[in-house]
Amino acid sequence: MDAPSLPIGDFKVHVLKDGIYRAPIGDLIHVRGEPARQSAIDAWTSPDFSVDVNCFALDGPGGLWMIDAGAGTAWGPAYGKAPAALRDAGFSATDVSAVLLTHIHGDHALGLFEGEKARYPNARLLIPRGDLAYYGDSAILEATPKENRSSFRTVAKLREIYGTRIEVFEAGPVLPGISAIDLPGHTPGHTGFLIHGGRENLLVWGDVVHLDTLQLADPAVGFDYDRDPELALRSRRHALESAVGENWLVAGSHITGVHRVKRHGDGFAFTGERDA
Ligand SMILES: [Zn+2]
């Protein structure tokens with residue numbers, strides 16, 4: 001049975017829910033420091049929070065492409081549902097001819113593996129140059145504490161398994177109808193993808209926002225997964241302001257649904273949800 005899809009120009013966009021990420025609200029950080037952090041945590045009435053882990057299938061004239069691939073089986077049974085969601089949308093893994101990564105973190109890239117094999121055996125793999133340069137650098141690896149090396153391991157395994165099918169890209173056109181927008185901070189090369197639809201454009205913004213209920217109202221709220229919180233804040237503001245100014249639809253790895261953005265007080269809010 002075909003799941004509903006969102007038409008954007010020549011593309012049909014399917015949101016593939018890979019799982020649910022649950023974490024302590026104490027992972028929250030605040031760019032303005034500890035008092036602001038503590039009051040944001042105090043206002044949250046639960047010790048933890050849950051958000052979607054999404055990836056996306058784009059069915060278009062150039063073939064079937066994906067943005068991100070979910071966590072696969074590496075993060076336990078709460079994840080790894082993207083391949084079934086892809087099947088429900090009417091496709092198989094062998095139909096995917098390109099996967100674009102917003103960044104190299106596990107909940108976006110580990111779903112590219114099926115054990116020691118490629119989950120998407122016919123796909124080119126497009127990785128932001130900034131992330132491949134950073135997480136593929138052996139000197140940076142050596143200088144990184146052992147417990148923070150998972151993304152370096154992911155790059156090494158991607159190189160082993162996807163080999164010459166790996167390509168890098170920078171900001172600008174990346175595939176016909178899709179351009180990459182630099183949104184660094186969460187990782188060095190973190191990227192959003194703008195899907196050009198003519199009348200309607202959709203920004204798939206990766207991890208610009210992890211918890212929309214807090215971060216739209218106060219974009220200075222971050223999470224300790226942001227490698228450079230100040231830079232992540234600038235990218236968050238840039239993405240939100242662009243979405244307002246250009247009237248883009250937005251979707252993300254950790255937000256539910258497809259939205260437009262409006263200004264609201266000192267921050268932003270979602271408006272006008274679209275089904276996908
Ligand atoms: Zn993520």
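## Zinc site

His-254 counts as buried, because its relative accessibility is 3%, where buried means under 20% relative accessible area with a 1.4 Å probe and protein chains only. The model is predicted, with local features needing pLDDT of at least 70, side-chain atom pairs counting only at pLDDT 80 or more, and totals for chains, interfaces and linings using all residues. Residues are numbered from 1 along each chain as its sequence is written, and side-chain values use heavy atoms, leaving out hydrogens and water.

Through NE2, His-254 coordinates the zinc ion together with Asp-107 (OD), His-108 (NE2) and Asp-207 (OD), at 2.1 to 2.3 Å; donors here are N, O and S atoms within 2.8 Å of the metal (3.2 Å for Na, K and Ca). Asp-107 lies in helix H3 (residues 106-109) and His-254 in the loop between strand S16 (249-251) and strand S17 (258-264), so that the pair, 147 residues apart, links distant parts of the chain, helices being DSSP runs of H or I with at least four residues and strands runs of E with at least two. Asp-107 is likewise buried, at 7% relative accessibility.

His-30, in strand S3 (residues 28-30), is buried with a relative accessible area of 9%. Leaving aside neighbours within four places in sequence, His-30 is in contact, meaning heavy atoms within 4.5 Å, with residues including Ala-36, Arg-37 and Asp-218.

## Helix H6

Helix H6 (residues 150-162) has 13 residues, and its buried residues include Phe-152, Val-155 and Leu-158. Just after H6, Gly-163 takes a positive phi of about 45°.

Notes: Buried < 20%, exposed > 50% of the residue type's maximum accessible area, 1.4 Å probe, protein only. Expected span 1.5 Å × (residues − 1).
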